[in-house]
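Could you walk me through this structure, stop by stop? I have it open in a viewer and would like to know what to select next and what is there.

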Amino acid sequence: MSKFLNLGIIQSAGDPDIGRNLDRIEKNVDDLMSRTMKPELICGVELGVGSLWEKEGYYDTITGRATERLSKIAEKHGVYLIPGSMTESVREADGSVKYYNSIPVFGPKGELIDVYRKMCPYYPNEEAITRGEKFVVFEIPEKNIKVGVINCHDWCFPEMSRAVTLMGAELILRPAVDPEGLYDVCKSISPTRAFENQAYFASVNMVGRYHHLDAYGRSNIYAPDAS
(Lines give C-alpha, C1' and ligand atoms only; values in the text may rest on other atoms or scores of the structure.)
Protein backbone atom coordinates (compact mmCIF):
# COMPACT_ATOMS: atom_id res chain seq x y z
CA MET A 1 0.00 0.00 0.00
CA SER A 2 1.87 3.07 -1.26
CA LYS A 3 -0.28 5.40 0.80
CA PHE A 4 -0.06 7.09 4.17
CA LEU A 5 -2.59 7.05 6.99
CA ASN A 6 -1.83 8.36 10.46
CA LEU A 7 -3.47 5.95 12.92
CA GLY A 8 -3.93 6.79 16.59
CA ILE A 9 -4.78 4.12 19.16
CA ILE A 10 -6.32 4.36 22.62
CA GLN A 11 -5.04 1.52 24.80
CA SER A 12 -7.24 2.03 27.84
CA ALA A 13 -8.34 0.32 31.01
CA GLY A 14 -11.82 -1.16 31.22
CA ASP A 15 -14.87 0.31 32.96
CA PRO A 16 -18.42 -0.99 32.51
CA ASP A 17 -19.92 2.50 32.91
CA ILE A 18 -20.61 4.20 29.58
CA GLY A 19 -20.65 7.69 31.06
CA ARG A 20 -17.18 7.47 32.57
CA ASN A 21 -15.82 5.89 29.40
CA LEU A 22 -17.20 8.66 27.20
CA ASP A 23 -15.45 11.24 29.39
CA ARG A 24 -12.20 9.30 29.04
CA ILE A 25 -12.57 8.82 25.28
CA GLU A 26 -13.13 12.53 24.75
CA LYS A 27 -10.03 13.37 26.79
CA ASN A 28 -7.96 10.74 24.97
CA VAL A 29 -9.07 12.04 21.57
CA ASP A 30 -8.41 15.64 22.63
CA ASP A 31 -4.90 14.64 23.70
CA LEU A 32 -4.14 12.77 20.46
CA MET A 33 -5.46 15.61 18.31
CA SER A 34 -3.37 18.19 20.19
CA ARG A 35 -0.15 16.64 18.90
CA THR A 36 1.88 17.81 15.94
CA MET A 37 1.25 14.59 14.00
CA LYS A 38 -2.54 14.43 14.23
CA PRO A 39 -4.25 11.07 13.63
CA GLU A 40 -6.68 10.76 10.74
CA LEU A 41 -8.19 7.61 12.25
CA ILE A 42 -8.43 6.71 15.95
CA CYS A 43 -9.25 3.25 17.34
CA GLY A 44 -10.04 2.16 20.90
CA VAL A 45 -10.43 -1.19 22.67
CA GLU A 46 -13.18 -3.77 22.89
CA LEU A 47 -15.83 -2.60 25.38
CA GLY A 48 -14.01 0.72 25.48
CA VAL A 49 -17.37 2.48 25.23
CA GLY A 50 -18.74 0.23 27.97
CA SER A 51 -21.69 -1.96 28.84
CA LEU A 52 -24.32 0.16 30.54
CA TRP A 53 -25.28 3.49 32.03
CA GLU A 54 -24.39 2.62 35.60
CA LYS A 55 -26.68 5.10 37.39
CA GLU A 56 -29.68 4.32 35.21
CA GLY A 57 -28.85 0.63 34.95
CA TYR A 58 -29.64 -0.01 31.28
CA TYR A 59 -27.78 -0.95 28.12
CA ASP A 60 -27.66 1.56 25.29
CA THR A 61 -28.96 1.34 21.74
CA ILE A 62 -27.32 2.31 18.45
CA THR A 63 -28.19 5.00 17.72
CA GLY A 64 -28.53 6.31 21.27
CA ARG A 65 -27.00 8.55 23.91
CA ALA A 66 -23.51 7.09 23.60
CA THR A 67 -23.34 7.32 19.81
CA GLU A 68 -24.71 10.87 19.92
CA ARG A 69 -21.80 11.99 22.07
CA LEU A 70 -19.23 9.97 20.12
CA SER A 71 -20.52 11.59 16.93
CA LYS A 72 -19.82 15.01 18.43
CA ILE A 73 -16.29 13.98 19.42
CA ALA A 74 -15.52 12.83 15.86
CA GLU A 75 -17.04 16.00 14.36
CA LYS A 76 -15.21 18.23 16.83
CA HIS A 77 -11.85 17.09 15.48
CA GLY A 78 -12.80 16.07 11.94
CA VAL A 79 -11.43 12.57 12.53
CA TYR A 80 -12.52 9.03 11.70
CA LEU A 81 -13.32 7.42 15.05
CA ILE A 82 -13.69 3.79 16.06
CA PRO A 83 -14.05 4.26 19.83
CA GLY A 84 -14.06 0.54 20.62
CA SER A 85 -17.08 -1.63 21.22
CA MET A 86 -20.14 -1.42 23.45
CA THR A 87 -22.95 -3.70 24.52
CA GLU A 88 -25.81 -2.77 22.21
CA SER A 89 -29.40 -3.69 23.08
CA VAL A 90 -31.93 -4.29 20.32
CA ARG A 91 -35.63 -4.82 20.98
CA GLU A 92 -37.18 -7.26 18.54
CA ALA A 93 -40.69 -7.03 17.09
CA ASP A 94 -41.90 -9.70 19.52
CA GLY A 95 -40.71 -7.63 22.48
CA SER A 96 -37.64 -9.72 23.24
CA VAL A 97 -34.24 -8.04 23.62
CA LYS A 98 -30.99 -9.14 21.99
CA TYR A 99 -27.53 -7.97 22.97
CA TYR A 100 -24.62 -7.44 20.60
CA ASN A 101 -20.95 -6.60 21.11
CA SER A 102 -20.96 -3.73 18.64
CA ILE A 103 -18.37 -1.35 17.20
CA PRO A 104 -19.73 1.95 15.83
CA VAL A 105 -17.69 3.65 13.09
CA PHE A 106 -17.84 7.45 12.77
CA GLY A 107 -16.74 9.74 9.97
CA PRO A 108 -15.12 13.18 10.30
CA LYS A 109 -18.46 14.99 10.05
CA GLY A 110 -19.78 12.94 12.94
CA GLU A 111 -21.76 10.64 10.68
CA LEU A 112 -22.31 7.04 11.78
CA ILE A 113 -20.76 5.21 8.83
CA ASP A 114 -21.51 1.66 9.96
CA VAL A 115 -21.80 -0.69 12.94
CA TYR A 116 -19.91 -3.95 13.21
CA ARG A 117 -21.52 -6.57 15.45
CA LYS A 118 -19.05 -9.20 16.67
CA MET A 119 -19.55 -12.35 14.62
CA CYS A 120 -17.56 -14.75 16.81
CA PRO A 121 -18.49 -14.16 20.48
CA TYR A 122 -16.13 -15.80 22.96
CA TYR A 123 -18.15 -18.52 24.66
CA PRO A 124 -18.97 -19.11 27.46
CA ASN A 125 -17.96 -15.58 28.52
CA GLU A 126 -20.27 -14.01 25.96
CA GLU A 127 -23.14 -16.46 26.05
CA ALA A 128 -25.61 -13.54 26.33
CA ILE A 129 -24.24 -11.96 23.14
CA THR A 130 -25.96 -12.57 19.79
CA ARG A 131 -23.56 -13.01 16.87
CA GLY A 132 -23.60 -10.42 14.11
CA GLU A 133 -24.21 -11.29 10.49
CA LYS A 134 -22.42 -8.60 8.46
CA PHE A 135 -18.79 -7.84 7.67
CA VAL A 136 -17.82 -4.18 7.77
CA VAL A 137 -15.33 -2.46 5.46
CA PHE A 138 -15.43 1.31 5.10
CA GLU A 139 -13.54 3.72 2.88
CA ILE A 140 -11.52 6.78 3.81
CA PRO A 141 -11.90 8.54 0.45
CA GLU A 142 -9.50 11.36 1.34
CA LYS A 143 -6.72 8.76 1.51
CA ASN A 144 -8.11 6.22 -0.98
CA ILE A 145 -7.86 3.54 1.71
CA LYS A 146 -10.34 0.87 2.80
CA VAL A 147 -10.44 -0.31 6.41
CA GLY A 148 -11.90 -3.57 7.72
CA VAL A 149 -13.17 -4.02 11.28
CA ILE A 150 -13.15 -7.21 13.35
CA ASN A 151 -13.57 -7.69 17.12
CA CYS A 152 -11.28 -9.62 19.50
CA HIS A 153 -12.02 -13.37 19.20
CA ASP A 154 -12.82 -12.92 15.50
CA TRP A 155 -9.09 -13.03 14.76
CA CYS A 156 -8.87 -16.67 15.85
CA PHE A 157 -10.68 -17.56 12.62
CA PRO A 158 -8.53 -16.72 9.55
CA GLU A 159 -11.66 -16.53 7.39
CA MET A 160 -12.77 -13.36 9.21
CA SER A 161 -9.69 -11.33 8.31
CA ARG A 162 -9.61 -12.88 4.84
CA ALA A 163 -13.22 -11.88 4.18
CA VAL A 164 -12.64 -8.18 4.87
CA THR A 165 -9.40 -8.28 2.85
CA LEU A 166 -11.30 -9.72 -0.12
CA MET A 167 -13.75 -6.84 0.33
CA GLY A 168 -10.84 -4.47 -0.26
CA ALA A 169 -9.52 -3.76 3.24
CA GLU A 170 -5.87 -2.67 3.26
CA LEU A 171 -5.90 -2.12 7.03
CA ILE A 172 -7.66 -4.41 9.52
CA LEU A 173 -8.53 -2.96 12.94
CA ARG A 174 -9.18 -5.27 15.86
CA PRO A 175 -10.31 -3.83 19.24
CA ALA A 176 -9.81 -6.47 21.94
CA VAL A 177 -9.85 -7.58 25.57
CA ASP A 178 -7.10 -10.22 25.60
CA PRO A 179 -6.36 -11.61 29.09
CA GLU A 180 -2.87 -12.10 30.49
CA GLY A 181 -3.08 -15.89 30.37
CA LEU A 182 -3.49 -15.92 26.59
CA TYR A 183 -0.49 -13.75 25.72
CA ASP A 184 1.78 -16.58 24.57
CA VAL A 185 -0.97 -17.89 22.30
CA CYS A 186 -1.94 -14.46 20.96
CA LYS A 187 1.42 -12.81 20.33
CA SER A 188 1.94 -14.41 16.92
CA ILE A 189 -1.56 -13.85 15.53
CA SER A 190 -1.28 -10.19 14.47
CA PRO A 191 1.83 -10.64 12.29
CA THR A 192 0.36 -13.84 10.85
CA ARG A 193 -2.90 -12.16 9.84
CA ALA A 194 -0.98 -9.25 8.34
CA PHE A 195 1.34 -11.50 6.33
CA GLU A 196 -1.22 -13.99 5.07
CA ASN A 197 -3.56 -11.20 3.89
CA GLN A 198 -0.84 -8.77 2.75
CA ALA A 199 -2.60 -6.04 4.72
CA TYR A 200 -1.76 -3.86 7.69
CA PHE A 201 -3.14 -5.28 10.94
CA ALA A 202 -3.68 -3.35 14.18
CA SER A 203 -4.70 -5.01 17.44
CA VAL A 204 -5.77 -2.52 20.14
CA ASN A 205 -6.02 -4.30 23.47
CA MET A 206 -7.42 -3.24 26.83
CA VAL A 207 -4.97 -3.00 29.73
CA GLY A 208 -5.51 -3.72 33.42
CA ARG A 209 -8.23 -5.34 35.50
CA TYR A 210 -11.66 -5.85 33.92
CA HIS A 211 -14.24 -7.94 35.80
CA HIS A 212 -12.53 -11.30 36.51
CA LEU A 213 -9.52 -10.95 34.20
CA ASP A 214 -6.37 -8.89 33.64
CA ALA A 215 -5.94 -7.59 30.10
CA TYR A 216 -2.32 -7.45 29.00
CA GLY A 217 -2.30 -4.40 26.72
CA ARG A 218 0.66 -4.70 24.30
CA SER A 219 -1.30 -3.19 21.39
CA ASN A 220 0.51 -3.61 18.08
CA ILE A 221 0.49 -2.66 14.42
CA TYR A 222 2.02 -4.94 11.76
CA ALA A 223 2.86 -4.29 8.12
CA PRO A 224 2.08 -6.75 5.29
CA ASP A 225 5.57 -8.24 5.63
CA ALA A 226 4.86 -8.94 9.33
CA SER A 227 7.33 -6.28 10.47
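The tour below goes through a predicted model, one selection at a time.

**Stop 1: two helices side by side**

Start by selecting helix α1 (residues 18-33) and helix α2 (residues 65-77). Their axes come within 11 Å and cross at roughly 10 degrees. Angles under 35 degrees count as roughly parallel, and α1 and α2 are therefore roughly parallel to each other. Now show the side chains where they meet. From α1, the contact is made by I18, G19, L22, D23, I25, E26, V29, D30 and M33. From α2, the partners are A66, R69, L70, I73, K76 and H77. Colour these residues by type and you will find 8 nonpolar, 2 polar and 5 charged.

Is K109 buried or exposed? K109 counts as exposed because its relative accessibility is 70%.

**Stop 2: rings and charges**

Next, turn to the aromatic side chains; the whole structure holds 4 aromatic pairs. Select one of them, Y80 and F138. The ring centres are 6.4 Å apart and the planes lie at 25 degrees, so this pair is stacked. The pair links distant parts of the chain, with Y80 in strand β3 (residues 80-82) and F138 in strand β7 (residues 136-140), 58 residues apart. Both Y80 and F138 are buried.

Two arginines are worth a look while the rings are on show. The charged end of R65 sits over the ring of W53, 3.8 Å from its centre. Likewise, R117 places its charged end over the ring of Y100, 4.0 Å from the centre of that ring.

**Stop 3: helix α5 and its cover**

Move on to helix α5 (residues 189-197), whose buried residues are I189, S190, P191, R193, A194 and N197. The cover over these buried residues includes α3 (158-166), α4 (183-186), β10 (200-205) and β13 (220-222).

From α3, pick out S161. S161 is buried, with a relative accessible area of 0%. Leaving aside residues up to four places away in sequence, S161 touches I150, I172, R193, N197 and F201.

**Stop 4**

Finish with the backbone. Most residues other than glycine have a negative phi, and most peptide bonds are trans. Here are some exceptions to visit.

- Select L47, in the loop between β2 and α2. L47 is not a glycine, yet its phi is positive, about 60 degrees. With 15% relative accessibility, L47 counts as buried.
- Stay in the loop between β2 (41-43) and α2 for T63. The peptide bond leading from I62 to T63 is cis, with omega near 5 degrees.
- Go to P124, in the loop between β6 and β7. Y123 and P124 are joined by a cis peptide bond with omega about 10 degrees.
- End at C152, in the loop between β8 (145-149) and α3. Phi of C152 is positive, near 45 degrees, and C152 is buried at a relative accessible area of 8%.

Definitions and conventions:
Residues numbered from 1 in each chain as written. Predicted model: local features only at pLDDT ≥ 70, side-chain atom pairs only at ≥ 80, totals over all residues. Heavy atoms only, no water. Phe/Tyr/Trp six-rings, centres within 6.5 Å; stacked < 30°, edge-to-face > 60°. Helix = DSSP H or I, 4+ residues; strand = E, 2+ residues; numbered from the N terminus. Buried < 20%, exposed > 50% of the residue type's maximum accessible area, 1.4 Å probe, protein only. Lys NZ or Arg CZ within 6 Å of the ring centre and 35° of its normal. Axes fitted to C-alpha atoms, helices over the stretch in contact; angles between N-to-C directions. Parallel < 35°, antiparallel > 145°, perpendicular 65-115°, else oblique. Contact = heavy atoms within 4.5 Å. Nonpolar A, V, L, I, M, F, W, Y, C, P; charged D, E, K, R; others polar.
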